[in-house]
Structure formats: C-alpha cells, structure tokens
Amino acid sequence: MATQPERGKIRIGGGSAFFNDRLDAALELVEKGNIDVLMIETLAERTLALLHVAKRRGGSGYWDNLADRLRVLLPACAKHGTKLVTNGGGAAPEGCAAMVARLARESRIELKVAAVSGDDVTDLVRAIDPVLVETGEPFSKLGAGIISTNAYLGADAIAAAYAAGADVIVTGRVTDSALALGPAMAHFGWKADDLDAMACGVLSGHLLECGGQATGGYFAEPGLKDVPDLDRIGFPIAEIGDDRSITITKPPGSGGRIDRHTILEQILYEMHDPAAYITPDVTLDVTELDLEDSGTDVVRLRGARGHARPDQLKVLAGVDSGVLAEIEISYGGINADGRARLAADIIRKRTSRNPMLGNQTIQFDLIGVNSVWPEDETRSVRDVRLRVAARVPDQRAAEQLITEVEALYVNGPAGGGGVRFATRPTIRTYTTFVPRSQVTPRWQFVEAR
Amino acid sequence: MAQIELFYLAHSRTGDKGNSQTMSLIPYDEADYALLERLVTIEAVARQFGKLVRGTVHRYTLPKLKAFNFVLEEALQGGVNDSLNLDTHGKSRSAVLLAMMLDVPDSHRAFSLKARAAKP
C-alpha cells in the first residue's frame, strides 16, 4: 500500500489525451510517478455523439476498449493507492461504473466506484429551446437527426464523490480540466468561490488533459527543438501545492522534455484570450503567471488568477451529418502532378454527370503538392497522391464516388496505383448555452451488476 | 538587415475551436519578444495566411511569459463540421505562420541556428 498523501499537496497524472492513448505511459505514471490520482481523458467533441449512436444500436455507450485498458490500470492503481478519474463513462456513466465495479470484483480488488451524471440535458434544451451559436436560430429548428445534447459540467460532483472516498470516478461530459480540479478541491477543501484556487486546479487540468503534449509530445523539430526518447515519452504529473503552486514533472527515467517551451505551448493550446479562458468552474487568467524552469525537466507555475465563472453552461448538440468518403490514388515520376491533375479532372467531369454526386461538394487535394500547404509546390515532386473527399448523404453515394476513383486504374492517366478508400459517419456539432441553475450534476456509488 | 524565416526565431502550436484557429508563438530566446511584437503583427499574420483566413485575426500579447497567442476566425473552411480538408483541424497550420519572412539584423543568432540546422 502507498503512503497516505501529504495534505499539503496532491499529485495528479495526465494518463490519456484520447480514448486510445498510450497505455504503457499511463501505467508508468501509476507505477513510477508516485501519483495520488490518475486522470483518463477520452472524450473529444464528436466522440460523445458517436457513443450515443452506438448505444442506440444496442452498444454499451462507452468505449469498447475501456475494459481492456482498465484491466491493466486498476490493479496497479489499487496496489499504489491511486485514485482514477475518467470521463470514459461517455453516454452511460452509471453503466460504465458498474462495469468498472465488476472488473474490480473479478480481480478481487476492493474499490468504491462512483458515477457522475447530469450532463445529458436533452429534456431541458427541448423545454427552453435556446438559440444556437452557429445558426442564430432556436434549437428546435434542427429538427430530426439530433443524436445527443450534453452540457459541459464542472468539477463539483467529482469533488463530492472524491471527498466521499470514491476510488474510481466515472463521468460523462465534463470539462476536461474538472477531472483534475475535482480531486484538488476535495483534497484541499477548496470552495467554488475561491477563484484563484479554482484557477490553479483548472490550469493543472488544462496541462494534463492532453497527456504527452505537456512533456515534449507534438513539439519536436529535428535539429532545432529536439526531444529525447520520444519513443518512451513520460506523461505529465502536476503536483499542486496548498500554496496554489503547480509543479509539472514526469516519471523518473522517462523520455520527453519539460521546460519553458513545452509548457508554454501547452498553456496556450486551444486558448482564445489568455486573460479569460472560460470554463464552467472559473474564468482562468494566465497572463500574470510566474514560470520557473529548473532546467531539469521540472517547471513550476504560480499566479494563476481566477475571475467569475459564467452563469451559463456550454452545451454541445451532435447531429447526424452524412458520410465522409475519402479515396486516394498515387502517381510517381516525371510529371506526376500533371497526371494527378488529369485524374482529378476526369473525376470532376464524371461526378457532375452522376445524379447522386452532381450536387455534392467534392474536394481534390494533391498530397505532396498542396494538401497541407497553401501553395502548389510542384518543383521536382516525384511522388503525388490524389485525394478525393466528399461528405455525401449516405453510404450508397459514397460507394459511387469510390467506384469512380477505382476505375482510374484502367480508364485514367498512365501509371496510377495504390487506391485506398475509407468511409465514416460524420457528426455536426452545434453550440448553445443553458442556465447553470437548471442543470443538476449528480453522483452516486455504483455496485457491480 | 537580412531576411530569415520566423521558423528560426520562434515555435508555435496550432489548435482549433469550431471554425477558428488558435496559434501560440513562443520565441526561442526571450530577448526576441520585442522584435516579434514589432514584426509579427496582426496585419503580417493576415497577409501570411492570405486566403486561408476569411475572418478577423486577433493577437494577444503575454509580456510576462514572453509569448503571443493568435486567434484566426473563419480559418478552417467551417472546421470539423464542414471542412473537407485532409487536415480537418488545421493542426499543421503553425508551419504556415513559421514560414513568414522577417527582416532582422545580420548579426542575429537565428542565422547561425539556421546554418547549424541546415540539412547536409
């Protein structure tokens, strides 16, 4: 058994930035990171709607791979006395928590498992019919095809479950940073009106929620900003002090890099105004931060400032948006881009005559020439891949587009090769807001069933 | 004075929020903060992105942390909802910013950095 955590600090590990992130690095946090809490983030904007779709088709409503991952992590967490907090409950937090309790029982581990819910605001949104940010029209105008409507909850229910002694806390949609703030609030007894304390917890969560992006992942530029041992990058640990300092480290001996540069990139990641980063728990201001770079993969931050939290909670509605079809074919050698452009021209003309595709927007990219770079770079390009992409109403239309590109093998320019294609259902998201007072986050202990 | 890419003076990470692109800019050397504040203006960034950005460009300065944050509105062809781009989230766009050419003194350390980083 691990020693009791010191009251004056709490150590939280950022064990996952998405549902399939590196499991070995999360396990290393538990085994070598001396952490009190392992945070497992799994829900991107669209993924929750995808889980709702799966649930309606008889699925569990949470990620299929979660049980396999927890079979690895739970025994280690139990051994080291580490709590686990995750939004992996997806569209079914209670069902997911019951699954976790079952896994614990199978492994003969004593764990108290809590579920946090209340994020599903479908009934509330139907009742008050708020205006959508993207369209300026009321929610009801979306009509059919609405898959899910979830509010971004804050940290309060997580904090309550943690304070009550939960070993594992499973949530649906919460703001990512709440997965760290909740345990910190419970540990230190912080109250929601202590704005600088909330800011400290939110900044910690913000630095942990993308896992390796705080420790040298998504950073390397060979020869200019190198990162050692990226193949075994260590995930971040935030040690939060009762003085509201945050010390970012990683497991001893792991790869990666923590310094002013990697931490600043992650502090500003996906922020708008750095003086007003809005979350359900506090409006975070990072402009007056003190950043102390030890030079030894340790960065200490002080001075996160908090301003009043918003009276409304952000809600994301997911709506069915058809099928995205992507098909590629390669051309090589002299004038490779010329043949790829001819292939695109053939597809453009043929699809315009096809009743199922004629009204669709079809995008053509030349990978290696202009796909992620704004200008054509055709000088000495000898390896070009034509990409054809369209969002079409259904799978049948997608198949028509795939067939058109496949037929370039025998009917297109010389020497095309390597056709590959993929189709996937897509979801459009709409943003709206509901009064905080009308949303009730709940938590409960859940038994195996 | 001589020209060099911003790439050799600073680094950047791009993220997305809807149809807006967020982008940090962090000098390798804190001493270059003032130089970048003068050269990497809202107008210069708007020019660099050209037709990729249809909306307003915002720049937030962080003089204490010696860093910048940019928000480019209507920059992602509708973002994940609508874009048919290969890089739907626009995460590779920091490379567009860092290709910006700057006029800096001939003696600037970025030139030796560039010479050292040059591929054989």
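Predicted model: local features only at pLDDT ≥ 70, side-chain atom pairs only at ≥ 80, totals over all residues.
Chain A contains an open sheet of ten strands with mixed pairing, arranged in the order β11-β12-β8-β7-β1-β2-β3-β6-β4-β18. The edges are formed by β11 (290–293) and β18 (442–445) of chain A; each has a single partner strand, so one side of each is left without a neighbour in the sheet. On average, neighbouring strands of this sheet are turned by 20 degrees against each other, direction ignored.

Several pairings within the sheet can be followed residue by residue. Strands of a sheet pair through backbone hydrogen bonds, in either the parallel or the antiparallel sense. Strands β2(A) and β3(A) pair in the parallel sense over four bridges, and Leu38(A) has Leu84(A) as its bridge partner in β3(A). The pairing of β3(A) with β6(A) is likewise parallel and runs over three bridges; here the bridge partner of Leu84(A) in β6(A) is Val168(A).

In soluble globular proteins, nonpolar side chains tend to be buried together. The largest nonpolar core has 135 residues, of which Leu38(A), Val100(A) and Ile158(A) touch the most other members. With residues up to four places away in sequence not counted, Leu38(A) touches Gly13(A), Gly15(A), Ala26(A), Leu29(A), Val30(A), Leu73(A), Cys77(A), Thr82(A) and Leu84(A). Another core, of 25 residues, lies apart from the largest one and includes Val323(A), Val369(A), Ala389(A) and Leu408(A).

Chain B has five helices and seven strands, which follow the pattern β-β-β-β-α-α-β-β-α-α-β-α along the sequence. A compact globule of 120 residues would have a radius of gyration near 14 Å, and the 15 Å of chain B agrees with this. The C-alpha trace of chain B spans about 45 × 35 × 20 Å along its principal axes. Of the 120 residues of chain B, 41% count as buried. Among the contacts in chain B with a separation of 6 or more, 63% join residues 24 or more positions apart.

The contact between the chains takes 33 residues from chain A and 24 residues from chain B. On the side of chain A that touches chain B, the elements giving two or more residues are α9 (260–267), β15 (362–367), β16 (383–392) and β17 (417–435) of chain A. The largest share, four residues, comes from β16(A). By residue class, this side of chain A divides into 14 nonpolar, eight polar and eleven charged residues.

Terms used: Residues numbered from 1 in each chain as written. Chains lettered and ligands numbered in written order. Pairing = 2+ DSSP bridges. Axes fitted to C-alpha atoms, helices over the stretch in contact; angles between N-to-C directions. Rg over C-alpha atoms; globule rule 2.2 N^0.38 Å. Buried ≥ 20, exposed ≤ 12 C-beta atoms within 10 Å, placed from the backbone. Contact = placed C-beta atoms within 7 Å. Core = buried A, V, L, I, M, F, W, Y, C linked by C-beta atoms within 7 Å. Nonpolar A, V, L, I, M, F, W, Y, C, P; charged D, E, K, R; others polar.
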